[in-house]
Amino acid sequence: MVLVKKRELANLAGDHLADVADATGQGIQRINTNPHLPWSFLTHTGLTIHPPNLRKDQ
């Protein structure tokens, strides 16, 4: 969310809450269209994603 706050929400003085919601949605869309950004966020946290252990009898 920091990237959204620094770009889309920076100096935003919307007249309505919908203005803030729209700007936030645009920022999230920007992040989702770049395949590297979400993974870099995860890397920055130090967390990893492991696939679930799937058993053949499930």
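Helices, in the sense used here, are DSSP runs of H or I with at least four residues, numbered from the N terminus. The exercises below concern a predicted model.

**Exercise 1. Describe the overall make-up of the protein: which elements does it contain, and in what order do they run?**

Solution. The secondary structure comes to three helices and zero strands, and from the N terminus on the elements run α-α-α.

**Exercise 2. Determine which residues of H2 are buried, and work out how they are placed around the helix axis.**

Solution. Begin with the helix itself: H2 has 17 residues and reaches 24 Å from its first C-alpha to its last, close to the 24 Å expected at 1.5 Å a residue. Next, apply the cut-off of under 20% relative accessible area for a buried residue; in H2, the residues Ala23, Thr24, Gly27 and Ile31 are buried. These residues cover an arc of only 100 degrees around the axis, and therefore they lie on the same side of H2. The spacing can be read against a general rule: an α-helix has 3.6 residues a turn, so residues three or four places apart point the same way. The opposite face is then examined: turned away from the buried side of H2, it carries the exposed residues Gln26, Asn32 and Thr33. Finally, ask what provides the cover, and the answer includes H1 and helix H3 (36-45).

**Exercise 3. Find the salt bridge of the protein, and state where its two partners lie and whether each is buried or partly exposed.**

Solution. The criterion is a side-chain nitrogen of Lys or Arg within 4 Å of a carboxyl oxygen of Asp or Glu, and by this rule the count comes to one salt bridge. The side chains that meet in it are those of Arg30 and Glu8, with an N to O distance of 2.7 Å. The pair links distant parts of the chain, since Arg30 is in helix H2 and Glu8 is in the loop between H1 and H2, 22 residues apart. The C-alpha atoms of Glu8 and Arg30 are separated by 9.8 Å. As to accessibility, Glu8 has a relative accessible area of 17% and so counts as buried, whereas Arg30, with 21%, is partly exposed. To complete the surroundings of Glu8, leave aside its neighbours within four places in sequence: Glu8 is then in contact with Leu3, Ala23, Gln26, Gly27 and Arg30. Of these, Ala23 and Gly27 are among the buried residues of H2, and Gln26 is one of the exposed residues on the face turned away from that buried side.

How values were computed: Residues numbered from 1 in each chain as written. Predicted model: local features only at pLDDT ≥ 70, side-chain atom pairs only at ≥ 80, totals over all residues. Heavy atoms only, no water. Helix = DSSP H or I, 4+ residues; strand = E, 2+ residues; numbered from the N terminus. Expected span 1.5 Å × (residues − 1). Buried < 20%, exposed > 50% of the residue type's maximum accessible area, 1.4 Å probe, protein only. Arc of directions from axis to C-beta. Contact = heavy atoms within 4.5 Å.
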